[in-house]
Amino acid sequence: GMDRLWRLVDSRAFVLLSLLLVSVAILLQSPLAPYANGCVDNDSSIFITVARSMMDGNILYKDVTDHKGPLIFLMDALGLWLAKGKLVGIWFLEVLSLYVASLFTYRTARLLFDRIASWIATCLSLFFLIPVLMGGNLTEEWALPYIALALYVFVKHLTSGKELTYTQLFVLSLTFVMAFLLKATYVCVWCAFGFVILVGLLKNRKYKVAMKYVGCVGVFVVLVALPFVGYFVHHDALQEAYYWMVEFNTQYSATESVLSNLFFCLQILVGIRFLPMVVMLTFFFMLFNGDYKKNRLIWYGCVLTMVLTAYTCTIGGRYEHYHIVFSPLLVLVYGYLLHRLKMDTVAKRLAMMILITGCGAVFMIKKVANGNYHYVYENRMVNEVVKRIREHSSPGDTMMGDGSIHRAIYVYADRKCVNKYLSNAFSPDIRDEVSAKKPQVVVRVKSDAMGDGTLSSYSLADSYGPYEIYVKDSE
């Protein structure tokens, strides 16, 4: 009986199906999920609103802007287009994206460990996301398939001992550009492993191979980036794109001193923040028992990636969700530990599966999914304001909100949002915009002084909590 059960669990179908189920379960915490009752968070709301604006023909960074790369808005727009404007379309794409990431994470583990250790390690890497996912639809989460795929190519190359093929170099270049187009700080895997591989080649005096790698990646990166650059050049928005993606983020992330950043980075690596302590302990364990020598370059690449990633989590707002990008890397740590435990009998393997998958992780999924990530209070506030906006306007109307309003109001009100700046990190004075664009509805938070006759042709139609809803007077 035990062996029959084992054959079922040790099959490829079981792996494929179970990882899909885990991906779905984790993303049930998203307020975009079917039957969700939560409220979309600020960042996610911004991405959705920008995506809708682009679908209406507005030019990214020129007519509507936020300080993220273009890919997040494209993914949201694609999701909305596929589901005819429904938010659930974005959620289906998220599930697909996380599933692809989980498959490559699993395949990376399989290059080094047996099937069951790889499967358990992949589940554990995915469970790491539950507390830091923050409801999903974040740039970090969309970066996961690219990071997982690149890690797979690097580990495959380092375990096979063969030169990187042109296809592999292209895949690395493509995934690099895609991660960069979400946010420039997600390229740690490529930088770390690329550096380790190049140093290895130079040490062995393989100058020609090193030149080939660098040359190919350079050419491929330019080719993949061309359509994006071309789009912005064509629409005369390249300078704005560069400002928001690079300059603004550089200013935004330079809030703390280098010393403070290094100290915070150390806290992450030691396991005081959101990275599990198991990472540092495992690296030391491998160092002391000499296991790191077996795949020295993979070990160096992994350690360097962890350090660089931890540093990127310290610059900027230091939010929990920055840590999402650690997920694919963790599989190497968990896989190694499980491999060390030598599960040589069927009973041991099944016991380990039960122990690990039953250890609160699934309960955690249930708990988070239940509230669909968001607080009831915020949800009620947004719902009430949205209800009032709809009462005092019609579907084709345009609206604007000041920099203090909850961005989910734009998502649920279903009125054309004509704000150019939607970012949380940047709160512009919208008085000039209101005067120029004359939206039918203006939503603001009471404490915001919008005098100067900006709203002289508007009447206060309704208010709720700190919110005031102004409607344009009929001429």
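These questions and answers cover helix packing and aromatic rings in a predicted model. Residues are numbered from 1 along each chain as its sequence is written. Local features need pLDDT of at least 70, and side-chain atom pairs count only at pLDDT 80 or more.

Me: At what angle do helix H9 and helix H14 pack?
Reply: Helices here are DSSP runs (H or I, at least four residues), numbered from the N terminus. H9 spans residues 188-203 and H14 spans residues 296-312. Their axes, lines fitted to C-alpha atoms over the stretch in contact, lie 8 Å apart. The angle, on a scale from 0 to 180 degrees between N-to-C directions, is about 145 degrees.

Me: Which kind of aromatic pair do Phe47 and Phe73 form?
Reply: Rings of Phe, Tyr and Trp (its six-membered ring) pair if their centres lie within 6.5 Å; planes under 30 degrees apart count as stacked, over 60 as edge-to-face and the rest as tilted. The centres of Phe47 and Phe73 are 5.9 Å apart. Their planes stand at 70 degrees, so the pair is edge-to-face.

Me: Is Phe47 buried or exposed?
Reply: Buried means under 20% relative accessible area, exposed over 50%, partly exposed in between (1.4 Å probe, protein chains only). Phe47 has a relative accessible area of 1%, so Phe47 is buried.

Me: Which kind of pair do Trp244 and Phe248 form?
Reply: Trp244 and Phe248 are four residues apart in helix H11 (residues 238-253). Both are buried. Their rings lie 4.9 Å centre to centre. With 40 degrees between the planes, the pair is tilted.

Technical notes:
Side-chain values use heavy atoms; hydrogens and water are left out. Helices (H or I, at least four residues) and strands (E, at least two) are DSSP runs, numbered from the N terminus.
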